[in-house]
Amino acid sequence: MTTVTPAKDPASRYRIEPTVLQALKSPRILTREVLAGLVVAVALIPEAIAFSIIAGVDPRVGLFSSFVMAVAIAFVGGRPAMITAATGAIALVVAPVAREYGLDYLIATVLLGGLLQIVLGAIGVAKLMRFIPRSVMVGFVNALGILIFMSQLPQLGLDNHDWTWHGVPWMVYPLVVVGLVIIVLAPKILKVIPAPLIAIVVITAAVVALGIDVPTVGDQGDLPESLPALFFPDVPFTFETLQIIAPYALALAVVGILESLMTAKLVDDITDTHSRKPREAVGQGIANVLSGMFGGMGGCAMIGQTMINVKASGARTRISTFLAGVFLLILVVALGDVLAVIPMAALVAVMIVVAFLTFDWHSVRPSTLKMMPKSETAVMIITVIATVLTDNLAIGVVLGVLTAMVMFARRVAHFVSVTRVVDADAQVPTARYTVVGELFFASSNDLTTQFEYADDPDRIVIDMSQSHVWDASTVAALDAVVTKYEHHDKYVVIEGIEDASGDIHRRLSGGLGAGH
């Protein structure tokens, strides 16, 4: 007996459980979300300070931006449990503005960039995510793992830009090792409290109790002592101002959306759920606008902190994202003195584990590489290399997608075949050509070379019933074939074109100048 299951409501595929209401009713889930938010908040602080330094602004700018964006995205974002805050990618984009024009122009850039993200999200740019191949996604993930690990090297004494050794207190290394051991073993003993939080508390307590002199969070920069306030950039509202900030704002919008949507897709895969990508794109824009209104430097989704939240701490709801922002503000404003004594070694251990968990180790196994097509592996490697060398996820992904497109076009181009049969006994001797395959700019370029113009009889039939016309390049190629036969005073009949292809051919044929 066959059982017919009614189709799910389309909206239900975006219902991610546990929901906020379910989490609030479950002490176990709520405890997990609260503790995850606390761990993320602690990990956000040194990152936000470091990104502020990259952008050339006061650490308070990055910290306030992270607070505002984390709280905002908890309400307006499309991917629960994803963390949005100040990021290195956005810091690199806006750094030239801050350096050359000052903080006010930087804030104006963030505000415009956020508005552009809202527009791009509203017109459906998030749907372009479907065109990012799996090999690019794997390369993106692997590059993230490498970049997260490399970002910790300065705390271990190695400059990751010029690869010079500047050294750190030797006690940093055993503390990092202890942190790694705790994070790996703690879940086997105590699952209620996230392992990263246990590692941070234990190492901090040991450093304070034993008076160990190692770099701490307080060494990374001054922490704010007051709440963020509304900030209105003092810039002239002129076309000249727009010319200055528009290119950077557009770069901020594109990089922010791309990195956020890629991170959302990664979390979707980890949690086996679907998120609302268009809403996430708009939400990122709203969060950036609010960040700018409170004097923040802007940002986007943070892969490292998101992995801490989702993978290391097991968070699944918006509660953890919201509390990450709230705890961040409380920690830096009310408990700044306590926070300042946390050893950077503890956070380094957390981020090393995150880097390890982020990297897709299955993708680089010899058995996997042997099984995968060489073109897929090449796309992954190019994505990783481009991302790591430029320290820019957007550049890596764009180059990866372009490489995948070129390789796909080359592969498909060889799938078109043309066979020729001459019927010399017909009332009118006829050469019949049968075209098989998908015809587009890559595969139709050589179409004109597949015909015997001088040797064919006076009547030629081109059978298109087993092919499909996709673009103007193919129509131009067919027009060129017909024109070449006309130059030999021969008659051509094109038959068998299905409706969609026929519509393209009828609209464009003769109007492209091919062969004329």
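Me: Which residues touch the most other members of the largest nonpolar core?
Reply: A nonpolar core is a set of buried Ala, Val, Leu, Ile, Met, Phe, Trp, Tyr and Cys residues joined through side-chain atoms within 4.5 Å, where buried means under 20% relative accessible area, exposed over 50% and partly exposed in between, with a 1.4 Å probe and protein chains only. The model is predicted, so local features need pLDDT of at least 70 and side-chain atom pairs pLDDT 80 or more, while totals for chains, interfaces and linings use all residues. Residues are numbered from 1 along each chain as its sequence is written, and side-chain values use heavy atoms, leaving out hydrogens and water. Of the 108 residues in the largest core, those touching the most other members are I45 and M297.

Me: Which helix gives the most to this core?
Reply: Helices are DSSP runs of H or I with at least four residues, strands are runs of E with at least two, and both are numbered from the N terminus. With 13 residues, the one giving the most to this core is helix α2 (residues 27-55).

Me: How many residues apart in sequence are the parts that R79 and D268 tie together?
Reply: R79 and D268 form a salt bridge, meaning a side-chain nitrogen of Lys or Arg within 4 Å of a carboxyl oxygen of Asp or Glu. R79 lies in the loop between α3 (59-76) and β1 (84-85) and D268 in helix α9, so the parts they tie together are apart in sequence by 189 residues.

Me: Is D456 buried or exposed?
Reply: D456 meets R420 in a salt bridge of 2.7 Å, N to O. Because its relative accessibility is 5%, D456 counts as buried.
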